[in-house]
Amino acid sequence: MGLFGKKRGDSSAKKTDQKAEETQQEIKQEMKVYIRGAGGTIVTRSILEGTSKLKWLFRQEGGQGNGWVAFGDKDSQEYVNDPNNMAIVDFNILANMEPAVVNVFYMPMGSDLEFRSDKTGKYFVDTRTGKEIREPIKHPAQIAFEKNLKFLNQDAYPEEFFSMLFTDSGKIKVVLAGMADFPTGEVVLADPLAYLGSKYETVLDRRIPAGSCPVHLSVCLSPIAGLRIGAAKLSVSEKPVIRYEIAMPKGKKREDLGKPGVFTFFGVDTGLACFADGKISEESRIFFEKWAQENPGKNKYNDYFASLFQESFKACPKFQNQGGSFLEWKLPDSGHRTVLFSSGMGDGVYSGYWGLDAQGEAVCLIVVFMNPEYFL
């Protein structure tokens, strides 16, 4: 679209005149919010005043607000070169004038679009590819989330994948979340608020030596999904891992994979997961039964765990979200410790994977929540 090819970088004006502001206020009074937090968008005054109709829409790297810039069908090169003819408005103001722009909001920087309206409807054309865009473009986080769902709970992953998860890089930080005690060596995977101590927790077939184990978290610093815990690792020994295998539930072996009624995953319904010993699981159940009797009508998270997570956040704010992303919890009665942590993108079903040494003994147990490559 050659008309504005040379001067786009000059079009990010920062001022609007009184008439343009009055127009914005009129729209805001009855404005429908299509996308919350959409940010500012540069729009020509001719569009805002109704003297032209939306024709060109492009997203510039390093531009004002969200980077989107809109030109009208009657805007000339001379017109857009004048900063006084441009206004920065909430993207929803433009969307209220032409709702079709919502379909392309999540397109990447560098997008260059022509708006068309004909008997087939209203749509955009990618000026670089000629592709018509008639359906909403998904948020990058949603696309990554859908890919991740298909990726999870596979029977096996390459060894390099597990190594990547627990190797510090520019986008991944490995954080020690705390110590977990295993007085019996029976390992439980569960949602600590919903299922720990219930028949819905997953007790693993393989046991570990009794003792205390560090829990490390693979913290993914995602530009599209924010800070997320991509995986959790329970370290059992310092021996080198020779291979990985999926963790089977109690009473089941690897040869049972794929048989009806054999599930290798555990469910998360409160956005939290944990490693726990079988004895600590039972202690947790007893503690909260008593707590519920003494605190009728109160919520286990809001009225008990929230303040503990907040203390954890204050102690290590750099790699946690507000409110806390992990917690070394010491049971009040026994003093036994277990570690609670956020589960990647939230609720779902997740599997554990044993890292084994040359003799087939457990070196570590890893729970995978997400493939960071989808979110970076």
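Tutor: Helices (H or I, at least four residues) and strands (E, at least two) are DSSP runs, numbered from the N terminus. Residues are numbered from 1 along each chain as its sequence is written, and side-chain values use heavy atoms, with hydrogens and water left out. This is a predicted model, in which local features need pLDDT of at least 70 and side-chain atom pairs count only at pLDDT 80 or more, whereas totals for chains, interfaces and linings use all residues.

Student: How much space lies in the largest pocket, and which residues lie nearest its centre?

Tutor: The space in the largest pocket is about 250 Å³, where a volume is the space filled by probe spheres set on the grid points, which are joined across faces, edges and corners. Its lining has 14 residues, and Ser52, Lys53, Leu54, Glu98 and Phe115 lie nearest the centre.

Student: And by class, what is in the lining of the largest pocket?

Tutor: There are 5 nonpolar, 3 polar and 6 charged residues in the lining. Here Ala, Val, Leu, Ile, Met, Phe, Trp, Tyr, Cys and Pro count as nonpolar, Asp, Glu, Lys and Arg as charged, and the others, Gly among them, as polar.

Student: Let's move to the sheets. What is the order in the open sheet of 7 strands?

Tutor: The order is 4-1-3-2-5-6-7, with mixed pairing; two strands pair if DSSP finds at least two bridges between them. Strand 4 and strand 7 (132-133) stand at the edges with a single partner strand each, so one side of each has no neighbour in the sheet.

Student: How does strand 1 pair with strand 4, and with strand 3?

Tutor: Strand 1 (residues 40-44) runs antiparallel to strand 4 (residues 86-90) over 5 bridges, with Val89 as the bridge partner of Thr41 and Met86 opposite Thr44. With strand 3 (residues 68-72), strand 1 pairs in the parallel sense over 2 bridges, and there Ile42 stands opposite Val69.

Student: Is strand 1 mostly covered or mostly uncovered?

Tutor: Strand 1 is mostly covered, since 5 of its 5 residues are buried, where buried means under 20% relative accessible area, exposed over 50% and partly exposed in between (1.4 Å probe, protein chains only). Gly40, Ile42 and Thr44 point one way from the strand, while Thr41 and Val43 point the other way.

Student: What joins strand 5 to strand 6?

Tutor: A hairpin does, through 2 residues. Strand 5 and strand 6 (residues 121-126) run antiparallel and are joined by 6 bridges, and Gly121 is the bridge partner of Asp118. Strand 5 also pairs with strand 2, in the antiparallel sense over 3 bridges, with Leu57 opposite Leu113.

Student: Now the open sheet of 5 strands: what is the order there?

Tutor: The order is 10-9-15-17-16, with antiparallel pairing. Strand 10 (202-203) and strand 16 (326-330) are at the edges, each with a single partner strand, so one side of each is left without a neighbour in the sheet. Helix 7 (residues 278-294) packs on this sheet, touching strand 9, strand 15 (272-277), strand 16 and strand 17 (337-342), and its direction makes about 115 degrees with that of strand 15. Axes are lines fitted to C-alpha atoms, for helices over the stretch in contact, and angles run from 0 to 180 degrees between N-to-C directions. Helix 8 (residues 301-315) also packs on the sheet, touching strand 15, strand 16 and strand 17, at about 110 degrees to the direction of strand 16.

Definitions and conventions:
On a 1 Å grid over the protein atoms alone, a cavity is a set of points where a 1.4 Å probe fits but cannot get out, and a pocket is an open set with protein on both sides within 12 Å along at least five of seven lines; lining residues have an atom within 4 Å of a point. Contact means heavy atoms within 4.5 Å.
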